[in-house]
Amino acid sequence: MRNRSGRRRLRPWLGAVSLGGSIALVLSGAPLSAQASSMAAETIVCPGVNGRLPEIPAAAQNEVDQNLELLETQLQEANTRLANSEGQGGPNFVRNAILDPLTAKRTATLNRIATAIGRTAERPDDLATLAPCELSETGAPAPEPSDGATGSPSPEPGDGQDEGNQDDGGQSEEDIAAAIGPSAEDFIDIRQVPRNQRPQARGNGSSGSFVSNCGTNQEEHRNTDNLINAPGVVNAAQHLHDYVGNVSADAFSTNESLAASDTTCRNKADKTTYFWPVIRVRGPNDEPGAPEVDKNNIGTPVRPSVARLEYRGNPVSDVTAAPRFLRINFGDAKAVTNGPANAKAVWTCTGFTDRITDKYPICPSGSNVTRIFDMPSCWDGQNTDSANHRDHLVFPDDSGACPDGTQAVPQLRMTLVYNDLPNTRPNGTDVPFALDSFASERHNPITDHVGAIGVMEEELMETVVQCINSGRRC
């Protein structure tokens, strides 16, 4: 463990304003009154999709209908966010915080519609041009997408975001830091966390395990994409992910490209892509370390010292083989905005792994920060993905049993240990480290999440199942 000293010097590319007792992140010095009056008179409108669809095969109708409904829900949620955020942020707030995320969601949903149709008919490859939405006066028609449009552009440096000459509006460094997050309230001494109990394998349970050794990202494979939730969208995550396993994974990966790729895993039959948001050490001269729209992610990224990828059994039953290309989602990167329903406590310290917390842990001397992710492991038996990227693979109940209509597959446990994080106690907004996050989430530790796309060869998956069901450690 290493300690640090000195207060963080925050850069002038960020400002903060007080709004009703809360702090809102501002990326430029434009007057908020103009922003508020503009937002109050406008609504978000999106290009229609129904009229641009080809004839839908009967086999795809239900899936297409579900995703069309999801497009409506996404638009309603964005307009609700627009109405509730009146007066917040600078001139690029609506674009960065609402429109661009909506475009990412719509792109992913439109891709699923195209995929559903393409299974039994010609795939409509132009649907992504319908993803971008715009602000318009209430009742005005949506703008027609231009030929070849693929999404809303990220703001360019200089578009109201001059890095060197912004006025902070008289706000203190503490106010600016509070807008970025996190703060001392997001940390806890691990010795103050109660012990947790996990379900243990019983008579009919499967107690074996299989470990895949894929390194700790020595190759520096990182990007700000999210292939599961927003395929085809660059920088959809708006924070940096570490990858191990599949060496080609990015926003444009397909099942075919993943299967054809190389892997960092020792067993070359495991081409699974495993990824997680980076942790950054905060320092006195922090500069943004991500693309322009991700300026809130400051500090130096630190690789884990250990990345253990363990496939485990079910406490009450044997496991069956998981399908290839299964999408596995854990946690919610927007748990502050969306609420805690999909958030999971993952933080602990070595030597204290019976104490799991949803806050950043302060570990005693000789102990290291650890993240433990027990992934969902109850498969619906049919799908490798679903509209919300969760329903096809869910968590067992508190006893370890899978819900009716699902079957237990090997549960992936990802354990990340960090030897190089400082154990300095936080003081207000002067914190030792933080998780990368969306700006709206202020680096809250409950937003921790991981993802994986299973790309094991069938023979290796059978070996995993045999090891687990026979009680062996492989």
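Which residue does a disulfide join to Cys214? Select Cys214 and follow the link: in this predicted model, the partner is Cys265, with an S to S distance of 2.0 Å. The pair links distant parts of the chain, 51 residues apart. Cys214 lies in the loop between β6 and β7 (222-223), and Cys265 in the loop between α5 (255-260) and β9 (273-277). The link is right-handed, with 90 degrees about the S-S bond. Cys214 has 1% relative accessibility and therefore counts as buried; Cys265, at 0%, is likewise buried.

**The other disulfides**

The whole structure contains five disulfides. Next, select Cys46 and Cys133, whose sulfur atoms are 2.0 Å apart. Cys46 sits in the loop between β3 (42-45) and α2 (61-84), whereas Cys133 sits in the loop between α3 (93-118) and β4 (134-137); 87 residues separate them. Both cysteines are buried, and their link is right-handed at 110 degrees about the S-S bond.

Then move to Cys467 and Cys474, joined by a disulfide with an S to S distance of 2.0 Å. The torsion about this S-S bond is about -100 degrees, so the disulfide is left-handed. Cys467 is buried, with a relative accessible area of 2%, but Cys474 is partly exposed at 33%. With the bonded cysteines numbered in sequence order, the pairing reads 1-2, 3-4, 5-6, 7-8, 9-10.

**Strands around β12**

Select residues 306-312, which form strand β12. Strand β6 (residues 209-212) pairs with β12 in the antiparallel sense over four bridges, and Ser209 has Arg312 as its bridge partner. Strand β20 (residues 411-418) also pairs with β12 in the antiparallel sense, here over seven bridges; Glu310 is partnered by Arg413 of β20.

**A three-stranded sheet**

Now display β11, β10 and β21, an open antiparallel sheet in that order. β11 (300-302) and β21 (433-435) stand at the edges with a single partner strand each, so one side of each has no neighbour in the sheet. From one strand to the next, the twist averages 40 degrees. Three bridges join β10 (residues 279-281) to β21, and Ile279 stands opposite Leu435.

**Asp436**

Finally, select Asp436, in the loop between β21 and β22 (449-453). Is Asp436 buried or exposed? Its relative accessible area is 1%, and Asp436 is therefore buried. A polar atom of the Asp436 side chain lies 3.0 Å from the backbone nitrogen of Leu240. Beyond four places away in sequence, the residues touched by Asp436 include His239, Pro277, Arg280, Asn297 and His443.

Notes:
Residues numbered from 1 in each chain as written. Predicted model: local features only at pLDDT ≥ 70, side-chain atom pairs only at ≥ 80, totals over all residues. Heavy atoms only, no water. Pairing = 2+ DSSP bridges. Helix = DSSP H or I, 4+ residues; strand = E, 2+ residues; numbered from the N terminus. Axes fitted to C-alpha atoms, helices over the stretch in contact; angles between N-to-C directions. Buried < 20%, exposed > 50% of the residue type's maximum accessible area, 1.4 Å probe, protein only. Polar contact = N/O pair within 3.5 Å; in protein donor to acceptor, adjacent residues only side chain to side chain. Contact = heavy atoms within 4.5 Å. Disulfide = S-S within 2.5 Å.
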